[in-house]
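I opened the notebook to go through this structure piece by piece. The entries below keep the order in which I looked things up.

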Amino acid sequence: MQAVLPGNGPTRVAMVEDDADTSASLAASIQAQDWLELVAAWRTGAEAMVALAAQAPDVLLVDLGLPDMSGLDIIRLVAARHKQCDILVISMFGDEANVLAALEAGASGYLLKGLLTRDVTADIRDLLAGGSPLSPVIARQVLKRLKAPASLDAPARPAAVGDATLSPRETEILNAISRGFSYAEVAEVLHITVATVHTHLKRIYGKLAVHSKTEAVFEAGRLGLLP
Amino acid sequence: MIVRIAVIALWLSLGLGGAAAQQGRHATPVFEFDSAEFVMDPSPSPEGNLSDLAFGPSYPPGPDAPWRHVPLPDDWFISHPGVSGIGWYHMTFDIPSEEPYVGQSFYMPRGSSRLSTLFVNGVLATSTYIQGDARAMNWDEPMRFSMAPTLLHRGQNDLYIRVSAVADLRQGLSRVYLGPSGKVLVPYFRRWVVVVDSLRLFGGAAAIAGILALAFWFRIRTDKVMFWFGVTALGWALMAIPAFGPRYGNQGWLAQAVVFPMRFAYAAPLLVACLRLGGARARIAEPLLWAFTLAGAVAMPLSGEETQALIITTWSTVYLTALIVLLVWLIATRVQGRTLSFWLLIAATVVAIVLNLHDYGRWMGWLDYDNPTLAHFHVPFVLAAIGVTIIGHQVRAIDAVARANRELEARIAEKTREIEASFQHLREAENERALAVERRRIMADMHDGIGGSLLGVLSMIRVHAEWPRIERRVREAMLELRMAIDSLEPVDGDLGVVLGNVRHRMRETIEESGVRLLWRVGEVPTVDYLTPRAILAIQRIVLEALTNALRHARAGTIEVRTDVDAAEGRLRILVRDDGTGFDPATVRRGRGLDSVAARARGIGATVEYASDHSGTSLALTLPLTADDGQPTTLDSRVTAASPVIASEAKQSP
């Protein structure tokens with residue numbers, strides 16, 4: 001967030017992408033913007049892990065399917081060590097499984113590969129403002145995962161999960177997004193600004209990360225695997 | 001029939017005649033002595049062996065002795081208070097000459113003395129010695145002697161009865177009957193049944209019931225009422241002991257020791273049982289009762305005969321009073337909600353009080369001396385109360401077991417359901433996991449395979465920008481691929497998400513076209529048939545409609561809306577534009593309308609087109625549930641059809 005506004009110097013972007021074409025395409029887009037500065041473009045996870053601390057980028061673009069490791073590991077590491085860094089996943093399809101895993105690992109959003117007619121930097125701007133444009137499927141999955149335990153048969157969740165349940169407003173937003181409404185439409189319907197929608201989404205991503213840590217424990221408890 | 005009636009009549013008349021004949025043969029009068037001449041034996045009361053008393057040399061006083069007339073029965077407690085000694089009774093009777101001498105019997109309803117000896121016409125006929133000493137008992141059995149014919153003769157006969165009695169023990173002489181055995185022995189045997197047989201019967205039953213009750217209690221120690229029932233019943237059994245054994249010989253210490261228990265053993269346990277059954281645990285009354293009982297039991301064998309009588313009177317009075325008080329208390333305070341055994345015990349107590357009052361009245365000389373002892377007749381009620389209690393316990397125990405079994409079965413069933421639900425949950429989770437794995441595999445394939453290739457082609461095309469059509473086709477293929485992947489995503493039956501995905505994928509295209517999109521997708525109920533194929537079908541239909549509107553209609557505004565008709569169980573998705581319109585009849589094939597209709601049929605939906613110069617609308621009407629017999633997925637023929645966009649592109653210029 002810190003580097004979005006002009007006058008703060010360019011936003012430092014680093015990238016981990018093994019596909020040369022994609023890497024080149026992204027690099028070109030980034031370098032074309034003077035508010036963005038591409039500080040590194042790594043080809044492997046190992047390279048990235050070694051050099052990350054030195055570069056300390058503001059934005060990290062990560063491909064999940066790296067040759068030597070899962071991009072999720074890098075996301076986790078960066079989310080834990082470099083909290084100021086926004087992590088964006090480079091995804092071919094924006095499919096639920098990959099994106100949700102990335103969001104849970106600590107990513108803030110995703111970029112779609114091959115959106116040729118749009119400048120990818122617009123996406124980066126959007127993402128920095130508040131996160132990826134959620135696809136309806138992912139919005140629905142987030143809704144499902146973070147909804148308050150209202151059903152009667154659900155045992156009491158661990159207290160920590162209380163931090164990871166959605167507020168009514170967040171639920172409204174996700175519900176609208178899951179039905180295909182754009183952020184602007186959501187903002188209009190709810191009588192809030194688009195920026196507020198972005199803020200809510202940021203918070204939702206945070207809850208998703210918290211939630212993923214307790215969910216495993218909760219699931220085990222629900223299945224009677226824990227006392 | 002007539003013969004049969006005649007036979008019956010004959011049989012009856014013979015029977016009656018026989019009875020009459022019998023009556024005639026034994027027309028000998030029965031002598032009932034309700035008075036006698038009496039004199040006390042002047043000689044000092046002999047002590048020692050009963051045998052000596054019975055058969056030692058003894059002769060009636062002569063006529064010059066101070067005989068006086070006394071009525072029978074003669075209760076010495078009334079007529080000779082405080083006396084202990086030997087008295088003589090003299091009776092005479094006349095046997096008419098025509099009467100036979102044989103078959104005569106002597107009968108006394110109550111053999112109530114230490115010893116009675118009969119002298120008939122100066123001859124020692126018999127003695128109650130053979131029936132022992134009655135002084136310990138609360139009851140006196142009837143006495144009878146068969147008269148040897150040689151003892152009697154025609155005319156006046158003399159009958160002397162020597163009685164050794166203790167006045168305080170209510171001894172003396174009852175009425176005396178003499179007559180044909182056939183008549184005299186009838187009341188004798190009746191009385192024997194009332195006084196002796198019933199006592200044996202009840203005593204034996206009480207002993208068994210008492211042992212049973214105690215055995216029951218022994219298994220279930222918490223059942224205190226059962227314990228006191230048992231002890232009470234055994235107390236009753238003690239009462240019957242003298243009815244079982246002969247009572248020969250002198251009064252030894254053992255006999256003295258059982259005098260009190262035989263009279264009163266039942267009383268204290270019965271009182272306590274009543275208290276406990278009434279739900280009371282009397283902290284003062286119970287110890288007092290036991291102390292009182294113990295005092296009586298100890299005092300009795302240590303006392304002389306006179307004192308014994310006093311003890312019997314005192315203890316009887318106290319127990320009777322206590323029983324009456326307890327009964328009144330029980331009925332007054334514990335009537336509500338009591339069981340059958342409670343009422344049986346009440347009945348037993350009432351009967352016990354009445355019969356004991358009768359016996360007590362006789363003891364005190366208020367009632368006829370010859371009345372039989374009746375107290376033991378309340379025992380059956382006590383036994384019934386015990387039995388009902390035991391049965392009640394059993395029934396309750398069986399009920400409890402049955403109930404426990406039912407509860408256990410219910411719990412097992414519940415557990416089974418839980419386990420099944422758990423298992424179902426696990427299985428569903430497993431299925432979901434398997435689906436997710438499969439999805440990831442397909443995704444990976446697409447990432448690494450077709451997707452990657454397409455992307456590569458795309459980047460090449462970017463360089464060779466002179467191939468815009470190829471680029472568009474590849475982009476469409478990419479879109480198609482993404483839609484296919486979207487169809488694999490879990491949407492949980494939410495049509496809104498399906499529609500939202502179409503818009504998500506179409507976003508760029510729509511934004512680039514400059515068309516205003518009115519997105520009016522409301523809350524729609526979840527539907528249960530959204531398999532990937534159904535999702536893909538719906539997405540393609542909507543995509544087709546949007547693409548047509550964008551590409552051919554030259555529309556300024558496109559509206560996408562959902563309407564739910566809950567009553568009809570239908571959901572309508574409407575895609576409407578304000579473009580130039582077309583004639584569905586002529587351009588049907590060209591715009592992929594046939595394949596749209598086929599896809600709609602495949603998921604049990606219908607498609608309606610309306611198009612004129614002011615615009616075009618496509619209405620896709622879907623069922624809310626899949627249970628109307630329609631296939632829920634596309635059949636192979638439909639899926640084999642070429643993809644929408646590809647077929648459409650073929651037709652485009």
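**Entry 1**

I began with A:His191, which sits in the loop between α8 (183–190) and α9 (194–222) of chain A. The model is a predicted one, and I kept that in mind for every entry. I read a phi near 55 degrees for A:His191, a positive value in a residue other than glycine. Most residues other than glycine have a negative phi, hence the note. Is A:His191 buried or exposed? I counted 7 C-beta neighbours inside 10 Å, so A:His191 is exposed; the cut-off for exposed is 12 or fewer.

I then went to B:Asn121, which is not a glycine either and has a positive phi of about 50 degrees. B:Asn121 lies in the loop between β7 (115–120) and β8 (123–127) of chain B. Here I found 14 other C-beta atoms within 10 Å, and B:Asn121 is therefore partly exposed.

I also checked peptide bonds. The bond from B:Leu72 to B:Pro73 is cis, with omega near -5 degrees. I placed B:Pro73 in the loop between β3 (68–71) and β4 (74–75) of chain B.

**Entry 1: chain A and its sheet**

I listed nine helices and five strands in chain A. Read from the N terminus, the elements go β-α-β-α-β-α-β-α-β-α-α-α-α-α. Of the 227 residues of chain A, 41% are buried. I also looked at contacts in chain A between residues at least 6 apart in sequence: 64% of them join residues at least 24 apart.

In what order do the five strands of the open sheet lie? I read β2-β1-β3-β4-β5 (chain A), with parallel pairing. At the edges I found β2 (36–42) and β5 (109–112) of chain A, each pairing on one side only. From one strand to the next the twist averages 25 degrees.

Strand β3 (residues 59–63) and strand β4 (residues 86–91) of chain A run parallel and are joined by five bridges. Within chain A, A:Val59 stands opposite A:Asp86 in β4(A).

Two helices on this sheet went into the notebook. Helix α2 (residues 45–55) of chain A lies across β1 (11–16) and β2 of chain A, at about 140 degrees to β2(A). Helix α3 (residues 71–81) of chain A lies across β1, β3 and β4 of chain A, at about 160 degrees to β3(A).

**Entry 2: a sheet in chain B**

I turned to an open sheet of four strands in chain B, ordered β1-β12-β6-β9 and paired in the antiparallel sense. β1 (31–33) and β9 (143–146) of chain B are the edge strands; each has a single partner strand, so one side of each has no neighbour in the sheet. Direction ignored, neighbouring strands of this sheet are turned by 15 degrees against each other on average.

Strand β6 (residues 104–108) and strand β12 (residues 176–180) of chain B form an antiparallel pair over four bridges. Across this pair, I saw B:Phe106 opposite B:Leu178 in β12(B). Helix α4 (residues 181–219) of chain B packs on the sheet and touches β6, β9 and β12 of chain B. The direction of α4 makes about 135 degrees with that of β12(B).

I checked how covered helix α6 (residues 136–146) of chain A is: nine of its eleven residues are buried. Among them are A:Pro136, A:Val137 and A:Arg140.

How do α6(A) and helix α13 (residues 495–513) of chain B pack? I noted an angle of about 140 degrees and axes 8 Å apart. The two helices are therefore oblique to each other, since only angles over 145 degrees count as roughly antiparallel. From α6(A), A:Pro136, A:Val137 and A:Arg140 make the contact; from α13(B), B:Val497, B:Gly500, B:Asn501 and B:His504 do. By class, I noted three nonpolar, three polar and one charged residues in this contact.

**Entry 3: nonpolar cores**

Last, I looked at the cores. The largest nonpolar core has 99 residues, and A:Leu61, A:Val62 and B:Val542 touch the most other members. Helix α14 (residues 532–551) of chain B gives the largest share of this core, twelve residues. Leaving out residues up to four places away in sequence, B:Val542 touches B:Leu499, B:Val502, B:Ile573 and B:Val575. Apart from this core I found another, of 84 residues, including B:Val163, B:Met262, B:Leu326 and B:Leu383.

Conventions: Residues are numbered from 1 along each chain as its sequence is written. Chains are lettered from A and ligands numbered from 1 in the order in which they are written. This is a predicted model: local features need pLDDT of at least 70, side-chain atom pairs count only at pLDDT 80 or more; totals for chains, interfaces and linings use all residues. Two strands pair if DSSP finds at least two bridges between them. Axes are lines fitted to C-alpha atoms, for helices over the stretch in contact, and angles run from 0 to 180 degrees between N-to-C directions. Two residues are in contact if their C-beta atoms, placed from the backbone, lie within 7 Å. A residue is buried if 20 or more other C-beta atoms lie within 10 Å of its own, exposed if 12 or fewer, and partly exposed in between; C-beta atoms are placed from the backbone. A nonpolar core is a set of buried Ala, Val, Leu, Ile, Met, Phe, Trp, Tyr and Cys residues joined through C-beta atoms within 7 Å. Angles under 35 degrees count as roughly parallel, over 145 as roughly antiparallel, 65 to 115 as roughly perpendicular and the rest as oblique. Ala, Val, Leu, Ile, Met, Phe, Trp, Tyr, Cys and Pro count as nonpolar, Asp, Glu, Lys and Arg as charged, and the others, Gly among them, as polar.
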